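Let's take a walk through this protein together, starting with its overall layout and then moving in towards individual residues. Please have a look at the sequence and the model below before reading on.

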Amino acid sequence: KCLAALGALDDARDDLETVLRADPENREAHRELRELKMRLAAQRRREAKKFAGFFDRLVGEAADGGPPEDSPDGGDQSGSAE
């Protein structure tokens, strides 16, 4: 419960699964694990939304030969430091 409250959701899940292996009838652990899985799913959805298209943009840049010309490096790919 403490790990989940601190945001260490993966660690909390691991601990609850360990508890349930030792005591499969532990109703409190089952309830906590169910709630934790919902929180993890919500977190994954937020992350997916946050990074949506990020990797597509990276692949597009690589296919085009680098970052766009209006990027901070000015599109200079020569590697020279003038």
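First, some ground rules for what you are looking at. This is a predicted model, in which local features need pLDDT of at least 70 and side-chain atom pairs count only at pLDDT 80 or more, while totals for chains, interfaces and linings use all residues. Residues are numbered from 1 along each chain as its sequence is written, and side-chain values use heavy atoms, with hydrogens and water left out.

The protein contains 4 helices and 0 strands, where helices (H or I, at least four residues) and strands (E, at least two) are DSSP runs numbered from the N terminus. Along the sequence this gives the pattern α-α-α-α. Of the 82 residues, 16% are buried; buried means under 20% relative accessible area, exposed means over 50%, and partly exposed lies in between (1.4 Å probe, protein chains only). The exposed surface comes to about 6,700 Å², with carbon and sulfur atoms supplying 55% of it; these areas come from the Shrake-Rupley method with a 1.4 Å probe, and for residues only the protein chains shown count as cover. Among contacts with a separation of 6 or more, 35% join residues 24 or more positions apart, a contact being heavy atoms within 4.5 Å.

Now to a pair of helices. Two packed helices are described by the angle between their axes and the distance between the axes. For α2 and α3, the angle is about 155° and the axes are 10 Å apart; the axes are lines fitted to C-alpha atoms, for helices over the stretch in contact, and angles run from 0 to 180 degrees between N-to-C directions. The two helices are therefore roughly antiparallel, since that label applies to angles over 145 degrees. Residues making the contact include L9, D10 and R13 of α2, and R39, Q43 and R44 of α3.

Which residues make up the largest nonpolar core? The 8 members are L9, A12, L16, L20, A29, L33, L36 and L40. Such a core is a set of buried Ala, Val, Leu, Ile, Met, Phe, Trp, Tyr and Cys residues joined through side-chain atoms within 4.5 Å. The elements giving two or more residues to this core are α2 (9–22) and α3. Take L16: beyond its neighbours within four places in sequence, L16 is in contact with A29, E32, L33 and L36. L36, a residue of helix α3, counts as buried because its relative accessibility is 3%. L36 and A12 are 24 residues apart in sequence, and their C-alpha atoms are 8.0 Å apart in space.

Is H30 buried or partly exposed? H30 lies in helix α3 (residues 27–50) and counts as partly exposed because its relative accessibility is 36%. Leaving aside neighbours within four places in sequence, H30 is in contact with L20 and P24. Finally, N26 sits in the loop between α2 and α3 and touches V19 and L20, not counting residues up to four places away in sequence.

Key: Parallel < 35°, antiparallel > 145°, perpendicular 65-115°, else oblique.
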